[in-house]
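The exercises below are meant for a reader who is meeting this structure for the first time.

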Amino acid sequence: MDGKERTLSGHIAMLLATVMWGAMAPIAKGVLEGGTLNGLTLSMIRIGGGAFLFLLFSMLPHRLTGDVKVAKRDFLSLFLASVIMISANQGLFIIGIQYTSPVDTSVMCTLTPVFTLLLSAIFLGNPITILKLTGVVVGLTGALMMAFTNEGNEIATNPLLGNTLGMLAQLCAAIYYVFFLRLINKYPAFTVMKWMFLFSALTYIPGMLPFAGSIDWVALSSTDYLSLGYIIVFPTFLAYLIIPFSQRLLKPTVVSSYAYLQPVVSAVLAASMGLALFGWNRIFASLLIFTGVFLVSFSMGKHTASSRKIKAGIQG
């Protein structure tokens, strides 16, 4: 491919992944609103389904998946990463959706670069410029405003709890990007995700089984099962494979700009499903978050390779 074709391919891949993640929050909220499944069970299904797909595709030839053998000394790091990035991040994300608006949850997903910058400065000694600090303050102000705002959020039963869980999910993602960067850089995305989902399934699912045992699976509608299939296949499996491809073709600042599209996709779909209600306070809080993330993303990673990995933090 020439330069234009590579760039176009990168944009298409990034757009697909962002749409997949943006659609997941309202689709998951729709399933939870039925009352048959709760957040704990849905997160268990997502993690277990993701682990199954990665193991299934690991049977394909390595030249297709890019899978490689993992050094024994790295398995502990993979296990810890699975707890933080899969069990905690995805678990908190899904459980949070149960209590708040899917649009709020998607907006919170854009905070990962802000948390990453803070952790990098505190633990790695990376310098913080005035522009970066301004972005952090503005972004976190918007997040706190959204967490404590009830106006326009009547669909949420406990927005403070749900939005707080959403923020904690993105903090977990930032911890992963900062402290497991060596692991991310060392192995292909398929290898890392395969082992992380496997370890997470082995540790997360046993604790959730008591909640799953009380679920009336017959009461789930065909739409619910289609929604579960979407959650497992697209935002959980395919999106995580697409992102590394787009990162190789686009600049980090371009990849990070797609963070703003994810809440838009969520808002459009949630509104069409009757799951989104907006008030001016909530709109203003979202604009503060977007502004903060833009300032942080603009000042980050124009130059470093590590920032390219951090820009994947727009997931759900």
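## Salt bridges

The structure is a predicted model, and a search of the whole of it finds 4 salt bridges.

**Exercise 1.** Determine which residue forms a salt bridge with Lys194, and where in the chain the two partners lie.

*Solution.* Begin with the general idea that side chains of opposite charge can pair when their charged atoms come close. The partner of Lys194 is Asp67, and the closest N and O atoms of this salt bridge are 2.8 Å apart.

**Exercise 2.** Work out which residues are linked with Asp74 in a network of salt bridges, and decide whether each member is buried or partly exposed.

*Solution.* Take the Arg182 pair as the opening step: the side chains of Arg182 and Asp74 meet in a salt bridge, at 2.9 Å from N to O. Arg182 lies in helix α9 (residues 181–186) and Asp74 in the loop between α3 and α4, so this contact ties together parts that are 108 residues apart in sequence.

Then turn to Lys186, whose side chain also meets that of Asp74 in a salt bridge, here with 2.7 Å from N to O. This pair again links distant parts of the chain, since Lys186 is in helix α9 and Asp74 in the loop between α3 and α4, 112 residues apart.

Putting the steps together, Asp74, Arg182 and Lys186 are linked in a network of salt bridges. For the last part, a residue is buried when its relative accessible area is under 20%. Asp74, at 2%, is therefore buried, whereas Arg182, at 47%, is partly exposed, and Lys186, at 35%, is likewise partly exposed.

**Exercise 3.** Describe how helix α2 and helix α10 cross, and what kinds of residues make up their contact.

*Solution.* Two packed helices are described by the angle between their axes and the distance between the axes. The axes of α2 (residues 39–57) and α10 (residues 189–212) come within 8 Å and cross at roughly 145 degrees. The crossing of α2 and α10 is left-handed, and the residues of this contact divide into 18 nonpolar, 5 polar and 2 charged.

Conventions
Residues are numbered from 1 along each chain as its sequence is written. This is a predicted model: local features need pLDDT of at least 70, side-chain atom pairs count only at pLDDT 80 or more; totals for chains, interfaces and linings use all residues. Side-chain values use heavy atoms; hydrogens and water are left out. Axes are lines fitted to C-alpha atoms, for helices over the stretch in contact, and angles run from 0 to 180 degrees between N-to-C directions. Helices (H or I, at least four residues) and strands (E, at least two) are DSSP runs, numbered from the N terminus. A crossing is left-handed if the near helix is turned anticlockwise from the far one by less than a right angle, and right-handed if clockwise. Ala, Val, Leu, Ile, Met, Phe, Trp, Tyr, Cys and Pro count as nonpolar, Asp, Glu, Lys and Arg as charged, and the others, Gly among them, as polar. Buried means under 20% relative accessible area, exposed over 50%, partly exposed in between (1.4 Å probe, protein chains only).
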